[in-house]
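Reader: I'd like to go through this one with you. Can we start with the ligand site?

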Amino acid sequence: MHVVWLKRDLRLADHAPLHAALDAADDGNGLLLLYVAEPERQAQPDVSDLHLAWDLANARALLQAVDQRGGTMRIEVGDAVDVLDRLNNVEPIHTIQSHEETGLMWSWNRDRRVLQWCTEHGIPWTEHAANGVVRRLKNRDRWNGMRNRRMAADALPAPVALPPPQKLESVDASPEWVPPYNTIVTTPLKPGEMEAHRWLDTFLDQRYTRYLPTISNPATSPEGSSRLSAYIATGVLSVRQVVKAITATRLRANQLRAEDRSVLAKNVNAFASRVSWRCHFVQRLEVETTMDTTAINPELCTQLGRQDDDTRFQAWATGQTGWPFFDACMRSLIATGWINFRMRAMLQSVAAYTLNLPWQRTGQHLAKLFIDYEPGIHWSQIHMQSGVTGINSVRAYSVTKQSLDHDMQGEFIRTWVPELAMVPTPYIHEPWTMSTEMQAAIGVSIGTTYPTPIVDESEARTKGIAAAYAAKRNEQVNARSAAVYTKHGSRKQRGRRPTSRRTTTAKPSTTAQPVRPSLQRSLLDFEGTHPR
Ligand SMILES: Cc1cc2nc3c(=O)[nH]c(=O)nc-3n(C[C@H](O)[C@H](O)[C@H](O)COP(=O)(O)OP(=O)(O)OC[C@H]3O[C@@H](n4cnc5c(N)ncnc54)[C@H](O)[C@@H]3O)c2cc1C
């Protein structure tokens, strides 16, 4: 049989490995779609039950769709090598097809073990490019063009029939201890490819009008934002499918009145930019596989000297800091698995600049809470919002300013911090400024029913900002920042820098890369940090 090893690509449409397996199945052998829930992944400090539960819900929806096409899919639990070995003993595997996975170090190591097993058993394993990420890229200069050409290529249709293997049947061996995702968080998202496309359509047909107006408001963005991230992260939607839908929407715009056309252009262009940033960030992880533990500018981290402190961490992590708007954001994230970009940035920035906490532990905590956890974006953003790259500006969010900007009347605070529901609006952003008499009159006692601020925000943040600028002046930090910029910085801004180079375009390699033992050495040698 031919195996399609599903990882973060739980869909039937725009699935190159599936099409390759169908072609291979012309030899008379059927194909098996395989999803492995790996205990090793579950044991990672950045992975939570929510991630597994959402993936499994989508895997189950896919299994149903596969069954409807006469095909076979198995959801197995275990180490990938063990599962492949077991299945190979039941029905011999002729080929394995999968997408390239850009993940943290453990996933590269697992892929190495799978490669070794394939080599020992003489089974060819072919990996196909995923989204806009280009593997074995020598430098970033030509990446943008490559990504755009990939997005412009046709999306593959979902196959109508899937020839099954001879001896294996569909099985859902999902672990019973994983609770349904919608008991872990309250979310409007429903699993499966059809739901994902419906969600995409509702956004590009209608919801986009509220995209920019609500983008940073924690109360209204859950409805105004696309909320597609969870589908893209688990691969129920490919980035190319989203890009194609954007193109179709732009074409449709010609039929609209000028005023509506302008609303569409503004909102859909902003959305499209973000979709392209996604690939840019995941491309970073392709060569920085230890982004979750190692700073890309270690000299800057040393200079900053941030220290772990469990009391501060726990208050931050559970939404008990004593800053109402911050606590409301953290609690709403814990309850729903999602919060908008600006609030994610604020949560991490407060941890780093104001609470002086190291980024690794807080980054893991946030990763576990996000239903849309995507390591490439997440760790890049964690570094940026903590001010540890050396190439981004110092941006330390003030909780009180965000509170006044995005929740002037305190409604969001009252929803998520009910113990402050009775606080009058003039005090809702800084309830500790209420007199003891006023607190007693409304039944609130700062320090008892709601915490006193964990630190003086203004003082601590000012100190954090000063420390960040001081660290950036260090010579070794500067030297490293220049190297980081050359390797990862946005190519769009290069023209403004004296070091800029004109970029040339070359034909991208769009063909799938067979993973052969002979390639191993060159893969290991690539860029020094590249794991394969
Ligand atoms: C500290 C921090 C951690 C983050 N971690 C993640 C993460 O784990 N997974 C994740 O998908 N996004 C992450 N983001 C980026 C962003 O906040 C989310 O993509 C966005 O909020 C998802 O909601 P949406 O789908 O409605 O986004 P939209 O605004 O509708 O954007 C559409 C798509 O573009 C991509 N996108 C949006 N913003 C960004 C961005 N700034 N950088 C790269 N791609 C972007 C996402 O795939 C998103 O689904 C993080 C941001 C910060 C500041």
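Reader: By class, what is the shell around the ligand made of: how many nonpolar, polar and charged residues?

Author: This is a predicted model, to begin with. Its ligand shell has 15 nonpolar residues, five polar ones and six charged ones.

Reader: And which residues are the closest to the ligand?

Author: Tyr-211, Ser-225, Ser-226, Arg-227 and Asp-372 are the closest. In total, 26 residues surround the ligand.

Reader: Which helices each supply at least two residues of that shell?

Author: Four entries here: H11 (229-233), H13 (258-287), H17 (341-354) and H19 (375-386). The largest share, six residues, comes from H13.

Reader: How much of the ligand's accessible area does the protein cover?

Author: The protein covers 98% of it. On its own, the ligand has 830 Å² of accessible area.

Reader: New topic. Where is His-280?

Author: His-280 sits in helix H13.

Reader: Is His-280 buried or exposed, and why?

Author: His-280 is buried, because its relative accessible area is 15%, and the cut-off for buried is under 20%.

Reader: Which side chain does His-280 make a polar contact with?

Author: The side chain of Arg-140, at 2.6 Å from the side chain of His-280.

Technical notes. Residues numbered from 1 in each chain as written. Predicted model: local features only at pLDDT ≥ 70, side-chain atom pairs only at ≥ 80, totals over all residues. Heavy atoms only, no water. Near = heavy atom within 4 Å. Areas by Shrake-Rupley, 256 points an atom, 1.4 Å probe, with all protein chains shown as cover. Nonpolar A, V, L, I, M, F, W, Y, C, P; charged D, E, K, R; others polar. Buried < 20%, exposed > 50% of the residue type's maximum accessible area, 1.4 Å probe, protein only. Polar contact = N/O pair within 3.5 Å; in protein donor to acceptor, adjacent residues only side chain to side chain.
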